[in-house]
Amino acid sequence: MARDISPIVKQSRREGVALAPKAHKVMAKKSGIPGEHANMRQRGGSLYLTQLREKQKVRRMYGLLEKQFAKLMKEAEKAEGLAGENLLQLLERRADNAVYRAGFATTRRQSRQLVSHGHFLLNGRRIDIPSIRLKPGDVLEVRPKSQKSEYFKNLDNIVASSNTTPLSWLKSDPKKMQIEISGLPKREEAEAGINEQLIVEYYSR
């Protein structure tokens with residue numbers, strides 16, 4: 001399964017947003033773009049560059065490769081409503097994102113790994129594809145065998161330390177190790193600091 005394995009801290013510094021907890025500490029000490037010619041690359045910037053960086057930021061935030069992201073953008077453009085908001089909703093409805101948003105993982109990379117290793121059941125059936133799209137009424141739960149692992153025995157503490165905010169479309173129950181999809185994600189519930197219009201403009205060039 002294709003995935004981006006480049007250093008998460010370096011990605012975070014490049015996009016100016018912490019993509020993992022450990023990136024917060026590094027970025028507090030080292031700000032700006034990594035690399036020998038970072039200062040040169042920070043000067044100025046065209047509209048195209050601004051659009052590109054926003055696209056890269058969101059793509060890396062959700063852990064998608066370029067081909068996957070472009071495919072989602074095409075689907076978002078064909079759907080009714082605003083293409084940018086459609087894109088964010090499609091990203092939020094991924095199984096790995098739901099696991100992360102429920103606080104069952106501290107990063108999206110970790111949630112992707114949990115799903116791809118088959119630790120979850122979707123409506124009673126084992127899944128191992130992080131990109132599976134969830135819909136209202138779906139139930140994700142930790143499979144019985146996985147519940148015995150040390151990681152999931154400590155799930156209450158993991159969720160408590162994740163600082164997740166309640167979402168209207170998702171209900172999590174750490175004690176039952178269950179996540180219920182109760183609706184569709186709202187625009188204001190997506191990650192903060194995203195300008196989806198720049199992404200739409202990038203792909204409409």
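User: Where is N123 found?

Analyst: Bearing in mind that this is a predicted model, N123 is found in the loop that runs between β1, residues 120–122, and β2, residues 125–127.

User: And what is its phi?

Analyst: The phi of N123 is positive, at about 55°, although N123 is not a glycine.

User: Is N123 buried, partly exposed or exposed?

Analyst: N123 counts as partly exposed, because its relative accessibility is 43%, which lies between the 20% and 50% cut-offs.

User: OK, what about M177, where is that one?

Analyst: M177 is found in the loop between β4 (170–173) and β5 (178–181), and M177 is a residue other than glycine whose phi is positive, near 55°.

User: Why does M177 count as buried?

Analyst: M177 has a relative accessibility of 11%, and buried means under 20%, so M177 falls in that class.

User: Switching topic: which residues touch the most other members in the largest nonpolar core?

Analyst: That core has 24 residues, and those touching the most other members are V99, F104, F120, L140, L170 and I179. At least two residues of this core come from each of α7 (95–101), α8 (108–116), β1, β3 (139–142), α11 (155–161) and β5.

User: What is V99 in contact with?

Analyst: If its neighbours within four places in sequence are left aside, V99 is in contact with F104, A105, S111, L114, V115, F120, L140 and I179.

User: Which residues are in the other core?

Analyst: Another core, of 18 residues, lies apart from the largest one, and its members include M61, L64, L87 and L88.

Notes: Residues numbered from 1 in each chain as written. Predicted model: local features only at pLDDT ≥ 70, side-chain atom pairs only at ≥ 80, totals over all residues. Heavy atoms only, no water. Helix = DSSP H or I, 4+ residues; strand = E, 2+ residues; numbered from the N terminus. Buried < 20%, exposed > 50% of the residue type's maximum accessible area, 1.4 Å probe, protein only. Core = buried A, V, L, I, M, F, W, Y, C linked by side-chain atoms within 4.5 Å. Contact = heavy atoms within 4.5 Å.
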